[in-house]
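Student: I have a structure open and some questions about it. Can we go through them one by one?
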Amino acid sequence: MGIFKIPLRKKGLFTRLKPITLKLHIFSDPKNIGQASGSLAAEHIKQAIQSKGQANIILATGTSQFETLNQLIQEKDIDWSKVVLFHLDEYIGLSISHPASFRKYLTERFIQLVPDLQAVNLINGEQDAQAECQRLNEIILQHPIDVALVGIGENGHLAFNDPPANFETKDPYIVVQLDEACRKQQMGEGWFPSLEDVPQQAISMSIQHIMASKKIICSVPDFRKAEAVKNCLENEVSPWFPASILQKHPDCSIYLDQHSAELLSAEYRKQAFNV
């Protein structure tokens with residue numbers, strides 16, 4: 001039911017790992033993606049609270065997450081006072097008042113719309129970046145992540161880990177350089193008036209720490225992402241296709257719409273759960 005196995009190739013990275021299973025779902029439109037992914041996130045948050053009294057979550061930002069977050073805030077019976085929030089990334093040197101600030105995004109689209117959270121750990125890119133990474137790393141290492149909501153960028157990035165991504169570092173948060181394709185995406189989505197206005201650096205959660213999450217829910221609507229989706233699902237795991245690393249995760253659900261799934265091979269599409 002939408003679950004298929006992607007065997008790792010006999011060459012390249014991670015060749016000694018056994019094949020793993022992704023859960024692929026293809027929906028008609030972004031709203032349906034959001035309803036399904038948001039409801040699944042709520043289910044896992046409630047399970048974590050029930051089993052250990054607390055849930056640690058990662059939220060993504062950007063246009064791909066609009067519907068997912070909208071659904072999540074509408075979910076019933078989540079005790080938000082037992083939820084600790086982290087987020088994936090933030091630009092370096094960008095004010096929280098800037099329209100493209102991810103702190104602003106999460107504050108307005110999520111934090112202010114749910115009851116008080118146990119803790120909110122937002123990335124402050126306006127201060128010393130390395131010191132901010134160290135501060136956040138000390139906190140997040142005490143909070144194993146139960147549910148991570150992520151997306152895939154037009155260049156295949158996961159968080160702001162642009163290709164070739166660092167698959168090796170164990171540090172939870174790192175300083176990264178944004179490539180031109182990533183910066184063009186941010187401009188194209190309307191967050192910045194010109195390419196020159198898009199910052200060239202960011203603080204990002206690392207690939208390894210995202211992969212340490214117990215459950216990953218990846219929402220990817222829009223034809224703009226179709227090539228990246230195909231590259232990351234159908235190619236071997238490689239830093240040149242950063243989100244291809246999700247093939248390794250033991251419990252990752254991928255939510256696509258008809259447009260973002262359009263370039264997938266017939267072999268992959270026929271094994272997906274279509275709604």
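Tutor: Start with a definition: a charge sits over a ring if NZ of Lys or CZ of Arg is within 6 Å of the ring centre and within 35 degrees of the ring normal. Keep in mind that this is a predicted model.

Student: Ok, which residue lies over the face of Phe-66?
Tutor: Arg-109 does, at 4.0 Å from the ring centre. Arg-109 also lies over the face of Tyr-105, where the distance from the ring centre is 5.3 Å.

Student: And rings with rings, how many aromatic pairs are there?
Tutor: The count is eight aromatic pairs. Ring pairs also link Tyr-91, Phe-102, Phe-160 and Phe-192 into a cluster.

Student: Which way do its side chains point?
Tutor: Lys-215, Ile-217 and Ser-219 point one way from E10, while Ile-216, Cys-218 and Val-220 point the other way. In a regular strand the side chains alternate between the two faces of the sheet.

Student: What does E10 pair with?
Tutor: Strand E7, residues 147–150, pairs with E10 in the parallel sense over four bridges. Ile-216 in E10 is the bridge partner of Ala-148. E10 is also joined to strand E11, residues 252–257, by five bridges, and these two run parallel. There, Cys-218 stands opposite Ile-254 in E11.

Student: How does the chain get from E10 to E11?
Tutor: The chain crosses through helix H7, residues 226–234, in a right-handed β-α-β crossover.

Notes
Residues are numbered from 1 along each chain as its sequence is written. This is a predicted model: local features need pLDDT of at least 70, side-chain atom pairs count only at pLDDT 80 or more; totals for chains, interfaces and linings use all residues. Side-chain values use heavy atoms; hydrogens and water are left out. Rings of Phe, Tyr and Trp (its six-membered ring) pair if their centres lie within 6.5 Å; planes under 30 degrees apart count as stacked, over 60 as edge-to-face and the rest as tilted. Buried means under 20% relative accessible area, exposed over 50%, partly exposed in between (1.4 Å probe, protein chains only). Two strands pair if DSSP finds at least two bridges between them. A crossover is right-handed if, with the strands pointing away from the viewer, the path from the first strand over the helix to the second runs clockwise.
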